[in-house]
Amino acid sequence: MNVERLGWIAAAALAGGIVAMGFKAPGDKTGTVDVAKVFKDSDMAKKQTDTLRAQVVARRSVMEFVGANRNMKPEDAGKLHDLVIKEAPTAADKVEIERIKGDATAAETKARELQTKDKPTAADLTQLDDFTKHKDATGQLLDKWQKDFQEEIQTKEAKMNDDTLDKVRQAIQQVGRDQGYSIVFSNNIAPYCPNDLTTEASNKMNKK
C-alpha cells in the first residue's frame with residue numbers, strides 16, 4: 001500500500017469540472033482552482049497520510065515478527081497483533097508486548113535446540129509436536145491478517161479521501177462566495193483564467 005498516493009486519485013476525480021457555482025449572469029466573475037494541489041497541500045491530507053502510514057507500519061511490523069517467530073503460541077500472536085495495532089497502547093500494554101516477544105524468541109531458540117538434539121526424549125517429541133501445531137496456527141493467522149490488512153487500509157484510505165475532498169470542496173465554495181465568483185472551474189478543464197483561486201482555497205483549507 002503506497003500511502004504517499006493518498007487522495008490523488010480521488011482528487012483527480014473531483015478536479016473533473018465545476019467545483020463551485022452560484023447564479024451565473026452576464027459579466028459575472030469566473031475563476032479556476034488547482035483542486036489536486038489544494039488537496040495535496042492541505043494540513044488535513046498530510047495528517048491523514050501520516051496516520052495511515054503509521055497504521056501500515058504497525059500492521060506490517062507485527063506480521064513480520066510473527067512470521068519470523070512462528071513457533072510462538074497462537075494466542076500470544078493474536079494478543080500481540082491487537083496490542084501493536086492499538087492506537088494508544090498503555091504502559092501495561094507495552095510491558096505485555098515485550099513479554100510476548102521475549103517468550104516468542106525463547107520458543108524459537110527452544111525449537112531449534114530440539115530439532116538438532118541427538119536423542120530427543122518423549123517429552124521433547126511432544127514439545128516439537130506442539131511447535132508444529134503452533135506454526136500451522138500462526139501461519140493461518142498471518143494469512144487472515146494479510147487479507148484483513150488490505151481491506152482495512154483500503155477502506156480507511158477511501159474514507160480519508162472522501163472526508164478531505166468534502167473539506168476541499170467547502171473551502172473552494174467559501175472562497176468563491178466570499179470573493180463574489182459565480183462559478184469556479186477546475187484548472188484541468190479551464191487551462192487559462194486570470195482569476196486563480198488555488199492559493200486562497202489552500203489558505204482557507206488550512207484556516208490561515
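Okay, let's start with D76, which sits in helix α4; helices here are DSSP runs of H or I with at least four residues, strands are runs of E with at least two, and both are numbered from the N terminus. This is a predicted model, where local features need pLDDT of at least 70 and side-chain atom pairs count only at pLDDT 80 or more, while totals for chains, interfaces and linings use all residues. Numbering runs from 1 along each chain as its sequence is written, and side-chain values use heavy atoms, with hydrogens and water left out.

So, is D76 buried or exposed? D76 is buried, because its relative accessible area is 9%, and buried means under 20%, exposed over 50%, partly exposed in between, using a 1.4 Å probe and protein chains only. Leaving out residues up to four places away in sequence, D76 touches R99, I100 and D103, where a contact is heavy atoms within 4.5 Å.

Now step back to N69, in the loop between α3 and α4. N69 counts as buried, with 10% relative accessibility. Not counting residues up to four places away in sequence, N69 touches A104, T105 and E108. Look at E108 in particular: N69 and E108 are 39 residues apart along the chain, yet their C-alpha atoms are separated by 6.2 Å.

Next up, L141, over in helix α6. This residue is partly exposed, at 21% relative accessible area. If you set aside neighbours within four places in sequence, L141 is in contact with P74, A77 and G78.

On to the helix pairs. α3 and α6 pack at an angle of about 180 degrees, with axes 11 Å apart; the axes are lines fitted to C-alpha atoms, for helices over the stretch in contact, and angles run from 0 to 180 degrees between N-to-C directions. Therefore α3 and α6 are roughly antiparallel to each other, going by cut-offs of under 35 degrees for roughly parallel, over 145 for roughly antiparallel, 65 to 115 for roughly perpendicular, and oblique for the rest. The residues of the α3 contact with α6 split into 11 nonpolar, 7 polar and 7 charged. For those classes, Ala, Val, Leu, Ile, Met, Phe, Trp, Tyr, Cys and Pro are nonpolar, Asp, Glu, Lys and Arg are charged, and the others, Gly among them, are polar.

How do α6 and α7 pack? Helix α6 (residues 122-178) and helix α7 (residues 198-205) are at an angle of about 120 degrees, with their axes 9 Å apart. That makes α6 oblique to α7. On the α6 side the contact includes T164, V168 and I172, and on the α7 side E200, A201, K204 and M205. The residues of this α6 contact with α7 come out as 6 nonpolar, 2 polar and 4 charged.

Last, the whole chain. The protein has 7 helices and 3 strands, in the order α-β-β-α-α-α-α-α-β-α. Of its 208 residues, 38% count as buried. And of the contacts with a separation of 6 or more, 80% are between residues 24 or more positions apart.
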